[in-house]
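The chain and its coordinates are shown first.

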Amino acid sequence: MKTVLRDVGLFLHIPAIMALISLPVCLIAQETYAFIPLLTCAIASLITGQILYRLSKSKSSSRIPYAMATAAIGWLLLPLFGAIPILMTAHAPDLSPDFSTTMLRFRDPWNAVFEAFSGFTSTGLSMATNYSEIPHTLQWWRSLMQWIGGVGIIVLVISLLEPSTQPDQLYNAEGRSQRIGLTLTQTVKRIWWIYLIYTVGSILLFRIVGMDWWAALNHGMTGIATGGFSVTEDSISNYGVGVKLAVIVVMTLGAVSFSVHYQLLRHGKFSAFWSDNQHQALWFLLFGGALLLWGLDSLSPRDIPLIDIVFQWSSALGTCGFGTTSVQSWDNGEKLLMTVAMLIGGAAGSTAGGIKLSRFVIVVKAVIWRFRRIALLPHEMMRYELDGEIIKESEANRRVEAAAVLFILWLGVVLLGVFVLQYLKLPTSDIVDVIFEAASATSGVGISSGVTHPDLPWLGKLTLMCLMWIGRLEIISVLLLLSLPIKFFGDRRKTL
């Protein structure tokens, strides 16, 4: 456990680095009241991280379950430190009265911690009633949390620091497995270069189509991270068609795996965007789902523009969370269809959340393989094909089992969240709204049906935070963390 605590101590250096980087922002924006909160966050996280690192210093490498526990603890603690600037700024005595309406909400610690959890998990659910009323320093802080959270804190730790746990184990513990280099170090460096290139490209694209530089900077960071935090009132709804189309492009690029981006940037292979089954499924669901959603909307008395329907569907499938229209007034059928999109999510190896398209494809393939096996004649052999390659039956069964287990766990977590939220008997939400919100939190989306609100009871906020945390780590790491105390006391009991 010394190794676990040592690496958690390394993770806690990240909020300190983020806060120090953010100090010039509050000075440029002339928001000096945010200087002390950022400095406090930097000092608190740095001291805590150093204490854990030095008191638990160990060069031994831990096993995979403990690597997963390290990831789970790290993702749990970082938002607590990330909430410090939000909470302290809201209590600043010289806070501008122009921000009081929204910022007063963040004087509630639950709301501040919720915002940080949503930020680091790149979810996008927010306790802010008006994004434009948030000080520029906190607008930047929220965007920075999502930008770091989108690529993953462990990718950052492996890039900058030296964890004692095997980097491969930590990398896999964060729900990643794809490699785009011969070594893991080469892989994370390439991920960062790709991420930076697309971030800069997104910022420039948004500026060209009409956003001012500040909005382009923040939306570029949260868009490519598939986070969804905004700095303008009502998210993207007040922009024109050109901006909305540009945001759709960026959200979709965020849902594409880094391996495909690498093939495009390094080798110029545009065909990589549809060369494997999961990206073929991405385009099919993107266009087919938008068409189906438009068809359902045409049956309702509302007149939602087609661009907004396509935008909301892209945001749901890409798990980004930007919005151009409120889904609260949508029909239950449309909400349930959006819920399915949020649960599926983007491609594996991307910044998107959800169960991931690779697992969705495996489950669909399993159904097809099952029916084919039933229809086989006695002398015929079964072929298992995935991404154009023939795989062995044992490998096919292993992949199906892994995907099916995660599918069941994912749905179980969502249902547990629905049960708790429904128990609160929220007056303005029905069961479909609750299902929608639970799926949005677990899959790291951020589109809200109205359940997420500053006045939500503390149990509801805690439930949604747990769903965001569990979903970001793809459940397994959290379950292993929760099982460690049971294993520890079980081993002690046997020893005694």
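Glu 395 and Arg 399 lie four residues apart, about one turn, in helix α18 (residues 393–423); helices here are DSSP runs of H or I with at least four residues, numbered from the N terminus. An α-helix has 3.6 residues a turn, so residues three or four places apart point the same way. Glu 395 and Arg 399 form a salt bridge, defined as a side-chain nitrogen of Lys or Arg within 4 Å of a carboxyl oxygen of Asp or Glu.

The model is predicted: local features need pLDDT of at least 70 and side-chain atom pairs count only at pLDDT 80 or more, while totals for chains, interfaces and linings use all residues. Residues are numbered from 1 along each chain as its sequence is written, and side-chain values use heavy atoms, with hydrogens and water left out.

**Salt bridges**

The whole structure contains 13 salt bridges, including these:

| Pair | Closest N and O atoms |
|---|---|
| Glu 395 and Arg 399 | 2.8 Å |
| Arg 302 and Asp 297 | 3.1 Å |
| Glu 474 and Lys 356 | 3.1 Å |

Burial is judged by relative accessible area: buried is under 20%, exposed over 50%, and partly exposed in between (1.4 Å probe, protein chains only). Glu 395 is partly exposed at 23%, and Arg 399 is partly exposed at 32%. Shared partners join Asp 297, Arg 302, Asp 331 and Glu 334 into one network of salt bridges.

Glu 474 bonds with Lys 356 in a salt bridge. Glu 474 sits in the loop between α20 and α21 (476–495) and Lys 356 in the loop between α16 (332–344) and α17 (357–375), so the pair ties together parts 118 residues apart in sequence. Both Glu 474 and Lys 356 are buried.

**Helix α20**

Glu 474 follows α20 and has a positive phi, near 55°. Helix α20 (residues 458–472) has 15 residues and should span 21 Å at 1.5 Å a residue, which agrees with the 21 Å between its end C-alpha atoms; the expected span is 1.5 Å times one less than the number of residues. Eleven of the 15 residues are buried, so α20 is largely enclosed by the rest of the structure. Among the buried residues are Lys 461, Trp 469 and Arg 472.

How values were computed. Helices (H or I, at least four residues) and strands (E, at least two) are DSSP runs, numbered from the N terminus.
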